[in-house]
Amino acid sequence: MALPSVMVLPLLIVIAAGIYYIYNEVMHFMAKSLVRNQVVVITDAVSGVGTECAHLFHKGGARLILCGTNWDKLESLYDSLTNDADPSETFAPKLVILDFSDMESLEDVSAEVVDCYGCVDVLICNSSMKLKAPVQSVSLELDKNIMDINYFGPTTLTKGILPTMIPRRSGQIILVNSIQGRLAVPFRSSYAASKHAVQAFFDCLRAELEEYGITVSTVSHTFIDANVTPSSEKPDSKVNSLASFVASQLTYGVNPAVLANEIMQTVNRKRKEVVLAHPIPRVAVYLRAFLPSFLFAVLGAGVKDSVLAEQM
């Protein structure tokens with residue numbers, strides 16, 4: 001007996017959803033098996049994204065080197081990973097103090113990281129310093145601090161790790177960057193500048209390391225927010241314009257667990273570029289490339305609307 005035509009489309013949707021679910025489960029299982037025994041370095045491991053990555057890669061059997069600025073927090077993360085872990089399936093993480101704002105220490109820290117296992121298979125550069133302020137209020141000292149943490153730190157550590165990857169002709173370097181490395185948003189001048197700089201560095205590095213079989217990946221995301229989701233936010237009734245709508249879309253957050261899973265998949269599939277963002281930021285990136293004048297007008301109007309809203 002043939003199915004009624006009205007049932008065909010829902011049935012196809014259910015089948016497609018089932019196939020997609022099975023595919024994701026298989027890829028998630030494969031991702032865990034592929035990182036087993038791999039030496040994985042995670043910077044700023046005590047942050048939300050870093051902690052989620054640590055749990056994912058630890059469960060997958062990776063040999064973790066967790067880096068952070070606070071020893072107590074690193075030890076707390078160590079305990080959370082090892083307390084209920086199976087020693088036959090996982091490795092106890094190694095801990096390293098790493099502070100990108102202390103540039104003079106990076107040479108020694110790089111050596112310490114390499115000495116943990118003698119090599120590095122995957123380097124995840126996750127550290128970031130954020131700032132929201134008008135250009136005229138940001139001091140030169142703060143500009144330099146942001147550049148140290150967001151640009152000079154990750155690039156210097158990468159240079160320290162590369163000598164262990166090039167002779168082996170293998171490895172992967174992942175930059176957890178922001179979509180503001182592609183799109184500059186008002187009141188984020190120093191932050192966006194540092195993210196543009198580090199994006200360019202890793203784009204150049206990707207081409208230079210191609211011949212050695214080393215994969216360089218960038219994961220560009222929107223604002224990280226562990227609590228707020230787009231559905232729970234309500235637009236400001238006082239500012240009802242296209243510009244304010246775009247601005248609100250640009251601030252929608254990405255959950256750390258979702259981002260960590262994307263990083264795991266990036267390692268698994270050796271993807272070179274990933275953008276984890278809502279449709280509006282994605283469209284804005286294309287507008288910047290093809291219709292810049294329109295985007296500039298929208299962002300400029302958004303600034304005017306924000307000033308007006310503060311006065312109302």
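Tutor: Contact means heavy atoms within 4.5 Å. Leaving aside residues up to four places away in sequence, Val-113 touches Val-41, Ile-65, Cys-67, Val-96, Val-120 and Ile-161. This is a predicted model, where local features need pLDDT of at least 70, side-chain atom pairs count only at pLDDT 80 or more, and totals for chains, interfaces and linings use all residues. Numbering starts from 1 along each chain as its sequence is written, and side-chain values use heavy atoms, without hydrogens and water.

Now the core itself. A nonpolar core is a set of buried Ala, Val, Leu, Ile, Met, Phe, Trp, Tyr and Cys residues joined through side-chain atoms within 4.5 Å. Buried means under 20% relative accessible area, exposed over 50%, partly exposed in between (1.4 Å probe, protein chains only). The largest core holds 32 residues, and Val-113, Leu-123, Ile-161, Ile-173, Phe-202 and Leu-205 touch the most other members. At least two core residues come from each of E1, strand E2 (63–68), helix H4 (106–117), strand E4 (122–125), H5, E5 and helix H6 (189–209). H5 gives the largest share, seven residues. Another core, of 29 residues, lies apart from this one; Val-40, Cys-53, Leu-56 and Leu-66 are among its members. In soluble globular proteins, nonpolar side chains tend to be buried together.

The chain has 10 helices and seven strands, taken as DSSP runs numbered from the N terminus (helices H or I, at least four residues; strands E, at least two). Of its 312 residues, 42% are buried. Take the contacts between residues at least 6 apart in sequence: 75% of them join residues at least 24 apart.

Tyr-151, Phe-152, Phe-201 and Phe-202 make up one aromatic cluster. Rings of Phe, Tyr and Trp (its six-membered ring) pair if their centres lie within 6.5 Å; planes under 30 degrees apart are stacked, over 60 edge-to-face, the rest tilted. The whole structure has three aromatic pairs. In one of them, the ring centres of Tyr-151 and Phe-201 are 6.2 Å apart and the planes stand at 85 degrees, so this pair is edge-to-face. That pair links distant parts of the chain: Tyr-151 sits in helix H5 and Phe-201 in helix H6, 50 residues apart. Phe-201 and Phe-202 also pair edge-to-face, because their planes lie at 70 degrees, with centres 5.4 Å apart. Both Tyr-151 and Phe-201 are buried; Phe-201 has a relative accessible area of 19%.

Not counting residues up to four places away in sequence, Gly-171 touches Asp-121, Met-165, Gly-213, Ile-214 and Thr-215. The C-alpha atom of Gly-171 is 9.9 Å from that of Val-267, although the two residues are 96 apart along the chain.

Most residues other than glycine have a negative phi. At 47% relative accessible area, Arg-169 is partly exposed.

A salt bridge puts a side-chain nitrogen of Lys or Arg within 4 Å of a carboxyl oxygen of Asp or Glu. The whole structure has five salt bridges. One of them joins Asp-121 and Arg-168, with the closest N and O atoms 2.7 Å apart. This pair spans 47 residues, from Asp-121 in the loop between H4 and E4 to Arg-168 in the loop between H5 and E5. Asp-121 is buried at 10% relative accessibility, while Arg-168 is partly exposed at 37%.

Glu-273 is in strand E7 (residues 273–276) and Arg-182 in the loop between E5 and H6, so the pair ties together parts 91 residues apart in sequence. Both ends are partly exposed: Glu-273 at 45% relative accessible area, Arg-182 at 22%.
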